[in-house]
Amino acid sequence: MADPPDRFAAGTIAESGVVFDSTRGVGLTYRDGGLGVLRPLALRLGGSPLPGICAGLQSALTGMTVGGRRVVLCPPELAFGAQAAAAPYAIVPPNSAVRYEVELLRLSRRGPDALFKGLSKCSQGGASATTENCAAIEPAEFV
């Protein structure tokens with residue numbers, strides 16, 4: 001398979017370097033044996049913690065600008081704590097530090113629909129997920 005594109009997020013277990021989550025899943029294998037796919041992640045920052053998105057990553061995303069990139073190292077207490085976390089590509093062991101490489105591609109103050117503007121047939125995941133046009137995501141801000 002081709003190398004993953006140099007964009008989108010990847011999360012690794014800091015100690016081992018094992019990829020546990022990635023939106024550039026090309027070349028990876030899901031825990032259930034399926035082939036990884038390129039899939040964007042749209043999320044709303046602020047408020048309650050988001051399932052699957054650790055507090056350290058949520059905090060690091062705050063204040064990013066479109067096109068910005070960050071490497072984030074989250075200690076266990078800002079990662080998934082004393083509980084194991086079942087992620088798409090691997091299980092994150094309890095009390096593990098995690099590392100993320102992120103790039104903010106789109107930002108919207110108008111809601112989630114704007115994030116996928118011009119990207120028909122590209123969805124976030126789930127049983128009816130499609131990946132057509134996901135590679136076409138260009139940085140944009142919708143205010």
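A: Before we start, a term: a residue is buried when its relative accessible area is under 20%. The model here is a predicted one.

Q: Fine. Is Y100 buried or exposed, and why?
A: Y100 has 5% relative accessibility, which is under the cut-off of 20%, so Y100 counts as buried.

Q: And F20, buried or exposed?
A: F20 counts as buried because its relative accessibility is 2%.

Q: How much of the chain counts as buried?
A: Of the 143 residues in the protein chain, 37% do.

Q: Back up a bit. What is the secondary structure?
A: The protein chain has two helices and eight strands. Starting at the N terminus, the order is β-β-α-β-β-β-β-β-α-β.

Q: What share of the contacts is between residues 24 or more positions apart?
A: Such residues make 54% of the contacts in the protein chain, counting contacts with a separation of 6 or more.

Q: Now the rings. How many aromatic pairs?
A: The count is three aromatic pairs.

Q: How do F20 and F80 sit?
A: Their ring centres are 6.2 Å apart and the planes stand at 90°, so this pair is edge-to-face.

Q: Where are those two in the chain?
A: F20 belongs to strand β2 (residues 19–22), while F80 is in the loop between β3 (69–74) and β4 (85–86), so the pair ties together parts 60 residues apart in sequence. Both F20 and F80 are buried.

Q: What about F20 with Y100?
A: That pair is edge-to-face too, because the ring centres lie 5.7 Å apart with the planes at 80°. Y100 is in strand β6 (residues 98–103) and F20 in strand β2, so parts 80 residues apart in sequence are tied together.

Q: Which residues do the ring pairs link into a cluster?
A: F20, F80 and Y100.

Q: Which residues are closest to its centre?
A: The largest pocket is lined by 43 residues, and P40, L41, A42, L43 and L61 are the closest to its centre.

Q: Which elements give two or more residues to that lining?
A: The strands are β1 (10–13), β2, β4, β6 and β7 (106–108), and the helices are α1 (55–61) and α2 (112–115).

Q: And the lining by class?
A: The largest pocket has 29 nonpolar, eight polar and six charged residues in its lining.

Technical notes:
Residues numbered from 1 in each chain as written. Predicted model: local features only at pLDDT ≥ 70, side-chain atom pairs only at ≥ 80, totals over all residues. Heavy atoms only, no water. Helix = DSSP H or I, 4+ residues; strand = E, 2+ residues; numbered from the N terminus. Buried < 20%, exposed > 50% of the residue type's maximum accessible area, 1.4 Å probe, protein only. Contact = heavy atoms within 4.5 Å. Phe/Tyr/Trp six-rings, centres within 6.5 Å; stacked < 30°, edge-to-face > 60°. 1 Å grid on protein atoms, 1.4 Å probe; cavity = no way out; pocket = protein on both sides within 12 Å on 5 of 7 lines; lining within 4 Å. Nonpolar A, V, L, I, M, F, W, Y, C, P; charged D, E, K, R; others polar.
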